[in-house]
Amino acid sequence: MTFYVNNKGFEVSERWVSGCWVSVENPTAEERNYLLDGLGVPESFLSDVEDTDERARREEDEGWQLFVIRAPWRKNESRIDYTTVPLGIIMKDDIFVTICNYKIEMLDDFVVYTIRKQINVNSSYELVLRLLLSTSVWFLKYLKHINIHIKSVEADMQRSVRNKQILELQRIENSLVFFFTSLKGNDVLFYRMAHSKNIADVCDEDLLEDVEIELKQAEETTSIYRNIIHSMSTSYSSVISNNINQTMKKLTSITLIMMLPTLVASLYGMNVPNYLESNPFAFFYIIGAAIILSVIMYLWMRKRDFF
């Protein structure tokens, strides 16, 4: 739990002061009790934020307001594996709390950004919009990483298609589904905020425009990458199916060619008169006939594009 005060950017404070921002990540039992008993945050709000699948929304209860924003989260640093988690914003009068049950990169970066740009936040609603803007920016950052990974997987698949690469595509597609769904929820939340009179009156129009642009860009980029993944999956499925057909055609052709020597050997291997049983060159005649028939069959199949 960290306390921030706004002074041309958010600076860390040692204790809570009126109007400060209380940022809580991975809350301990002690920090949770502080929010409940020290600040009076409704327990139902904390329970809502603990739900990993909580959708983006706004709720009011006895003067308290809850905003839930879906934020991107990298599950594993060693590979491209993203999902989204709820970031809860709870506020009332001079109390402003953000709580997330995961450690996300966005919040620390947001604090550094406000200091670098010397941003003064004039109201709690403005801070909500700036956090929403920051989540959209981080969606786009992660989407750039995903795009690089898509190109890497595509380059590998052009050399050879393996199960590992197909599973990678599926994992990326799952991340994009989470991104797209969460961005849609954030967009609905922003639309309701932008058209709420008490919020629109205290927020800068430029900020509202920036949030809308970044949200739309993140949505469109996610949609494009989903289409690319779907197109790649369809194309390589067709390639795999075609390769299987070609392999089966070649195996069938080889079987037919190998069948002719077997047929000749079977006919002249029967224990019945065949007019060559007393010929000293019978073996060579039979081998020659088998080879000639096999060559003829091979040339015929080659002409028919079986090979």
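Mentor: I will start with the ground rules, go through the salt bridges, and then widen the view.

The model is predicted: local features need pLDDT of at least 70, side-chain atom pairs count only at pLDDT 80 or more, and totals for chains, interfaces and linings use all residues. Residues are numbered from 1 along each chain as its sequence is written, and side-chain values use heavy atoms, with hydrogens and water left out.

The structure holds 12 salt bridges, each defined as a side-chain nitrogen of Lys or Arg within 4 Å of a carboxyl oxygen of Asp or Glu. Take R57 and E54, whose side chains meet in a salt bridge at 2.5 Å, N to O. R57 counts as buried because its relative accessibility is 11%; buried means under 20% relative accessible area, exposed over 50%, and partly exposed in between, with a 1.4 Å probe and protein chains only. E54 is buried as well, with a relative accessible area of 12%.

The pair of E60 and R58 has its closest N and O atoms 3.2 Å apart. E60 is exposed, at 54% relative accessibility, whereas R58 is partly exposed, with a relative accessible area of 27%.

Strand 4 (residues 57–61) and strand 5 (residues 64–74) run antiparallel and are joined by five bridges. Strands here are DSSP runs of E with at least two residues, helices are runs of H or I with at least four, and both are numbered from the N terminus. Two strands pair if DSSP finds at least two bridges between them. The hairpin of strand 4 and strand 5 has two residues between the strands, and E62 takes a positive phi near 55° there.

E219 forms a salt bridge with K184, with the closest N and O atoms 3.4 Å apart. This pair links distant parts of the chain, since E219 lies in helix 7 (residues 205–267) and K184 in helix 5, 35 residues apart. E219 counts as buried, at 6% relative accessibility, while K184 is partly exposed, with a relative accessible area of 40%. Some salt bridges also share partners: D48, E54, R57 and E59 are joined in that way into one network.

Helix 5 (residues 163–194) also contains F190, which counts as buried because its relative accessibility is 5%. Leaving aside residues up to four places away in sequence, F190 touches L129, L132, L208, V211, E212 and L215; contact means heavy atoms within 4.5 Å.

Strand 1 (residues 2–6) and strand 2 (residues 10–13) run antiparallel, with four bridges between them, and N6 stands opposite F10 in strand 2. Their hairpin has three residues between the strands, and K8 takes a positive phi near 50° in it. Strand 1 also pairs in the antiparallel sense with strand 3 (residues 21–25), over three bridges; Y4 has W21 as its bridge partner in strand 3.

As for the whole, the protein has eight helices and seven strands. Its radius of gyration is 34 Å, well over the 19 Å that the globule rule gives for 307 residues, so the protein is more spread out than a compact globule. That radius is taken over C-alpha atoms, and the globule rule is 2.2 Å times the number of residues to the power 0.38. The C-alpha atoms fill a box of roughly 115 × 40 × 30 Å, taken along the principal axes. Of the 307 residues, 40% count as buried. Among contacts between residues at least 6 apart in sequence, 64% join residues at least 24 apart.
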